[in-house]
Amino acid sequence: MDWITKVETPCYVIDEKRLKNNLEILADVRRRAGCKILLAQKAYSAFATYPLIAQYLDGCTASGIFEARLGYEEMAHPFGKENHIFSPAYPEKDFDEIVSICDHIVFNSPKQWAKYRDKVRSSSKYIQAGIRINPEYSEIETELYNPCAEGSRMGTTLERFKADLPLCEGIDGLHFHTMCEQGADVFARTLPVVEEKFGFMFDKIKWLNFGGGHHITRPDYDVELLIKTIRDFRDKYGLNVYLEPGEAVALNAGYLVTTVLDTFENGTGIAITDASAACHMPDVLEMPYRPNIISSGKPNEKRFSYRLGGNTCLSGDVIGDYSFDEPLKEGDRLVLEDMAIYSMCKNNTFNGIPLPSIYLLKENGGLELLKKFGYDDFKQRLG
């Protein structure tokens with residue numbers, strides 16, 4: 001990994017070979033299951049790699065107007081791919097543009113669909129419209145990421161759906177998203193619940209979107225079970241099926257490279273880095289989780305233990321506790337793994353900390369600088 005010394009830090013590095021490997025797995029699922037697979041841009045939206053992704057997937061999906069524009073400009077329009085969008089509620093000021101650039105629009109409630117139905121149906125092109133349902137079943141343990149938790153704003157429960165059934169007239173499909181970093185076994189237990197509650201609609205629609213959260217490219221994922229579950233469903237109901245993974249597309253396909261700025265002792269070794277959990281990998285604090293660092297161990301597993309923290313004023317800006325074979329020193333470079341997802345698309349400039357550059361590690365071993373950020377990127381966001 002000699003490229004580590006060639007990059008400026010902090011930086012994200014997208015591994016083209018690993019990204020391609022993930023796409024090949026997804027393309028195999030797509031082919032054998034007879035479904036369509038979309039890139040969920042909320043997890044990964046490094047559009048420089050969209051031409052590669054477009055070779056394998058059916059399009060992308062957005063959670064807001066800017067993602068929808070990005071998907072249209074960088075994938076749907078140039079490569080003839082589908083451009084989907086879902087939002088808990090659509091601002092009126094955005095909707096005309098959404099209609100012009102999206103071919104699938106999923107609404108959070110029958111009420112939202114009824115509000116915008118005339119605009120959708122008066123479009124010069126036929127736009128597929130769907131409603132997101134909440135089957136009130138999920139095996140997600142972290143409440144922050146559970147769209148089926150009590151009081152959730154995401155999707156329409158069966159009770160609400162039936163009460164508003166007249167408003168659902170004219171929809172083309174249903175969408176549900178109940179998973180987060182989970183396996184095919186969870187999906188196989190979830191789908192029967194959806195069938196039991198909303199199966200009465202299946203002869204009235206064209207497609208069902210199974211949402212994201214499917215960790216399809218994880219090494220221990222049961223791909224065969226996923227394929228069987230989708231094929232059995234399609235054979236039973238004759239519906240088209242969509243999956244929209246985000247993490248699975250770029251899982252383990254990127255790094256965050258950081259440099260140690262200082263070390264000292266305070267009950268344990270402390271190392272300050274030029275990468276920040278709060279600024280550059282917010283999910284470390286939000287999930288929370290401890291990212292793996294190449295050649296590191298758990299605390300006290302190796303000889304020298306350190307708490308790694310970012311160079312911000314937030315006391316909780318801690319990446320995690322690690323151990324190393326040799327003591328860390330100023331100038332050492334550390335490589336954090338699985339940093340392509342929920343990093344570039346969620347980072348921020350809190351404290352005026354610069355955004356990391358973005359590199360592409362080419363399949364042939366070459367290194368390409370995709371984007372370098374500077375002071376203007378910070379200043380222009382503020383006035």
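I looked up Ile105 and, leaving aside its neighbours within four places in sequence, I found it in contact (heavy atoms within 4.5 Å) with Ile85, Tyr90, Phe95, Ile98, Val99, Val120, Ile127, Gln128, Ala129 and Gly130. I note that this is a predicted model, in which local features need pLDDT of at least 70, side-chain atom pairs count only at pLDDT 80 or more, and totals for chains, interfaces and linings use all residues. Residues are numbered from 1 along each chain as its sequence is written, and side-chain values use heavy atoms, with hydrogens and water left out.

Ile85 is buried (under 20% relative accessible area, with a 1.4 Å probe and protein chains only), at a relative accessible area of 1%. Beyond four places in sequence, its contacts include Thr61, Ala68, Cys102 and His104.

Next I checked the helices: the axes (lines fitted to C-alpha atoms over the stretch in contact, with angles from 0 to 180 degrees between N-to-C directions) of H1, residues 16-33, and H8, residues 223-237, come within 9 Å and cross at roughly 30 degrees. On the H1 side I listed Val29, Arg32 and Ala33, which meet H8 residues including Val223, Glu224 and Ile230.

Finally, I recorded that the C-alpha atoms of Ile85 and Val29, 56 residues apart along the chain, are separated by 23 Å.

Technical notes. Helices (H or I, at least four residues) and strands (E, at least two) are DSSP runs, numbered from the N terminus. Buried means under 20% relative accessible area, exposed over 50%, partly exposed in between (1.4 Å probe, protein chains only).
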